[in-house]
Amino acid sequence: MSLHTTRNLKIHQPENFEFDSIPDSHSWDDVHDHPSVEPIGPDAIPVIDLNDPKLIAKIGKACEEWGIFIISNHGIESELLNQLCSQMHRLFALPAEVKLKVAKTEGNDAGYGGAPVSHFFPKFSWSEGFAIVGSPVDHAKKLWPDDYSSFCEIIEEYNKAINSLGCRLIHAMLLSLGVSEEELCQTPIGDSSKVKTAMHLNSYPACTNPDWVLGLPPHTDSAYVAILYQNGVPGLQVLRCKDDISPTRWVTVPAVPNTFVVNIGDLLHVLSNGRFHNVLHRVTISKINRLSCACFFGPQADVKVGPLSKLAGLEQSPLYRPVTWPGLKKIRSVLHDKALQAIKIDSNYIEG
Ligand SMILES: C=C1C[C@]23C[C@H]1CC[C@H]2[C@@]12CCC[C@@](C)(C(=O)O1)[C@H]2[C@@H]3C(=O)O
Ligand SMILES: O=C(O)CCC(=O)C(=O)O
Ligand SMILES: [Fe+2]
């Protein structure tokens with residue numbers, strides 16, 4: 001079985017995944033750096049019903065204490081989710097040489113390849129990804145010259161549905177921070193015309209020997225927030241730091257049918273002046289193929305995001321300097337997990 005890196009994309013083609021003993025290139029030394037635990041007792045990840053009368057308080061608490069929660073009763077049809085899943089299957093089942101026609105290129109987020117964050121790690125991730133920014137039509141035409149429209153239609157329909165869900169969630173998050181209905185539109189994030197989305201489709205091939213491989217290395221997302229659909233197979237884990245009861249541990253996020261996982265990214269941590277937790281997460285692998293679709297909500301390219309003046313006022317001084325989303329991604333591409341430290345008010349990092 002040959003292993004190869006394709007144009008430095010840090011991905012391997014699915015046909016190369018069928019080996020029993022894991023090659024050193026894919027075998028991580030630190031998968032078991034902390035124990036993996038189930039989401040029970042104090043580690044039960046909050047599940048929030050979108051129709052809960054106490055929605056705002058519950059979302060606020062989950063964003064502060066966890067940075068991740070599961071949302072039920074979201075109103076998105078399961079039929080649409082099944083269609084999204086079939087399109088993801090269809091995409092990742094294409095031969096490697098076809099997928100490589102839409103490989104990511106330097107400086108461009110969109111296209112087929114590994115996650116940019118994987119470049120900071122010495123080992124390969126057991127996954128392939130496809131990022132969609134704006135319309136996927138040009139890429140879809142290259143993938144399926146004779147039938148690209150079904151993919152584009154499903155992506156567009158899903159994008160609309162997830163956008164309105166995202167706006168409702170962001171609205172609730174801002175209210176929980178004490179921003180009033182009137183003030184919402186004056187914040188960069190409360191004005192939905194200033195929010196843009198990007199999608200990341202992930203495929204994690206089944207692995208016969210999954211104990212030392214990782215689907216995605218530990219990372220935070222750079223956006224405000226991500227909404228994740230998973231195909232019923234668990235794999236996502238979040239880091240919970242040492243507390244009175246337990247040591248630092250990886251908590252497995254359950255894959256509850258008909259729910260979405262919502263997690264806080266760096267920009268909402270900045271906007272909330274550190275109140276919302278930008279949760280560190282990773283993906284483990286199992287003997288079943290897993291598919292997921294992460295939808296990232298972030299500001300339009302020219303919008304600068306800093307701590308809300310309401311939160312960074314007299315009592316608490318602002319912790320971070322304002323940044324744009326591309327600006328933050330660029331700093332992350334150099335400093336990786338030290339990026340937020342670099343935009344702290346008291347840091348002397350100068351963007352190059
Ligand atoms: C719009 C985005 C958001 C990206 C970059 C670009 C497309 C791919 C996204 C991810 C997905 C996987 C984790 C991450 C950290 C990565 O490496 O690629 C994300 C990154 C970010 O959160 O910045
Ligand atoms: O597949 C998952 O569960 C998580 C994916 C993820 O973290 C990402 O795309 O940023
Ligand atoms: Fe992520």
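Of the 82 residues in the largest nonpolar core, which touch the most other members? They are V225, V262 and L267. A nonpolar core here is a set of buried Ala, Val, Leu, Ile, Met, Phe, Trp, Tyr and Cys residues joined through C-beta atoms within 7 Å. Buried means that 20 or more other C-beta atoms lie within 10 Å of a residue's own, exposed means 12 or fewer, and partly exposed is in between, with C-beta atoms placed from the backbone. Helix α5 (residues 149–176) gives the most to this core, namely 8 residues. Helices (H or I, at least four residues) and strands (E, at least two) are DSSP runs numbered from the N terminus.

A quick word on the ground rules. This is a predicted model, in which local features need pLDDT of at least 70 and side-chain atom pairs count only at pLDDT 80 or more, while totals for chains, interfaces and linings use all residues. Residues are numbered from 1 along each chain as its sequence is written, and chains are lettered from A and ligands numbered from 1 in the order in which they are written.

Back to L267: leaving aside residues up to four places away in sequence, its contacts (C-beta atoms, placed from the backbone, within 7 Å) are S222, A223, Y224, G298, P299, V305, W325 and L328.

Next come the strands. β13 (290–299) is largely enclosed by the rest of the structure, because 10 of its 10 residues are buried. Two strands count as paired if DSSP finds at least two bridges between them. β13 runs antiparallel to β6, with 10 bridges joining them, and A198 has F296 as its bridge partner there. β13 is also antiparallel to β8, this time through 6 bridges, and I227 sits opposite C295. A separate paragraph could go to the open sheet of 5 strands, which has mixed pairing and the order β1-β10-β9-β12-β7. Its edges are β1 (36–37) and β7 (214–219), each pairing on one side only. Inside the order, β9 (residues 236–240) and β10 (residues 249–252) are antiparallel over 4 bridges, with R240 opposite R249.

The UniProt record, an unreviewed entry, puts "domain: Fe2OG dioxygenase" at residues 194–299; its positions follow the numbering used here, feature names are shortened, and annotations may be inferred rather than shown by experiment. That stretch is 6% helix and 47% strand, with its end C-alpha atoms 6 Å apart.

What about the ligands? A residue is near a molecule if its C-beta atom, placed from the backbone, lies within 6 Å of it. Around ligand 1 there are 13 residues, of which A115, V117, A198, D221 and S222 come nearest. The shell of ligand 2 includes H200, N202, D221 and H281, and β6 (195–204), β8 (225–230), β12 (281–284) and β13 each supply at least two of its residues. By class, that shell has 5 nonpolar, 6 polar and 1 charged residues. Here Ala, Val, Leu, Ile, Met, Phe, Trp, Tyr, Cys and Pro count as nonpolar, Asp, Glu, Lys and Arg as charged, and the others, Gly among them, as polar.

Finally, a few single residues. F92, in helix α2 (residues 78–92), counts as buried because it has 21 C-beta neighbours inside 10 Å. N73 has a positive phi of about 55° although it is not a glycine, and it lies in the loop between β3 (68–72) and α2. N73 is exposed, since 11 other C-beta atoms lie within 10 Å.

Key: Two residues are in contact if their C-beta atoms, placed from the backbone, lie within 7 Å.
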